Amino acid sequence: MSEARDTSCRDECAPHFGQRGPFKFSRAELNAPMIWNFAESVHDANPVYWDETYAKQTRFGRIIAPPHSIMTMSGGHWWAPDYILEREEQEIEAQGDDPTETIREIVAKYGYTTATNVTREDEFLQPYGPGDGRIKQTSYVDDVSEEKQTAVGKGVFIITIIEYRRELDDELIARARNVLLMYDSSQPREN
């Protein structure tokens, strides 16, 4: 029996629960064309996303992004030159270790290397849009379940909380709760 199995996977992960990892910024500052591209792609005609004159008369006083665009707006590059990617990676590494990656390494030690996203729940707290700068994102693992036998194999459920903030004032704009199943796909399923 390996050393990794001398204790439970959850017990090994527990010291890292609640520790925020490095923050990452979206690739660009929020702007109206980004919002229009997203609204166009999902056929969302809400004038507060499209019409600056209309939006100025609302409680927001400006164009805002659709709340459900948070993953798109906070994303990184689809492609960038190596020197840009290397510089961004150095900025992230300079912030220190990532507890979420440490937990993934522990989970992998137990043979749980196949991932399936189970659920994601988003809570939107503040509007965001042009003038807020980039979106700042950080996350932490809230919990790891005890090992369970699932229909696809034995594994653990990792609950991660992702926080999204406006760059300009560091105000929390959204929080997501993500549940990821990490399992061993090489083991035969139990019926």
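I took a disulfide to be a pair of cysteine sulfur atoms within 2.5 Å, and with that cut-off I found 0 disulfides in the structure. Cys-9 is in no disulfide, and the nearest cysteine sulfur, that of Cys-13, is 4.2 Å away, which is too far for a bond.

I noted that this is a predicted model, in which local features need pLDDT of at least 70 and side-chain atom pairs count only at pLDDT 80 or more, while totals for chains, interfaces and linings use all residues. Residues are numbered from 1 along each chain as its sequence is written, and side-chain values use heavy atoms, with hydrogens and water left out.

For burial I used relative accessible area (buried under 20%, exposed over 50%, partly exposed in between, with a 1.4 Å probe and protein chains only). Cys-9 is buried at 0%, and Cys-13 is buried with a relative accessibility of 0%. Of the 191 residues of the protein chain, 36% count as buried.

I then listed the elements, taken as DSSP runs numbered from the N terminus (helices are H or I of at least four residues, strands E of at least two). The protein chain has 7 helices and 6 strands, in the order α-β-α-α-α-α-α-α-β-β-β-β-β from the N terminus on.

With contact meaning heavy atoms within 4.5 Å, I recorded that 73% of the contacts between residues at least 6 apart in sequence join residues at least 24 apart. The C-alpha trace spans about 65 × 40 × 30 Å along its principal axes.
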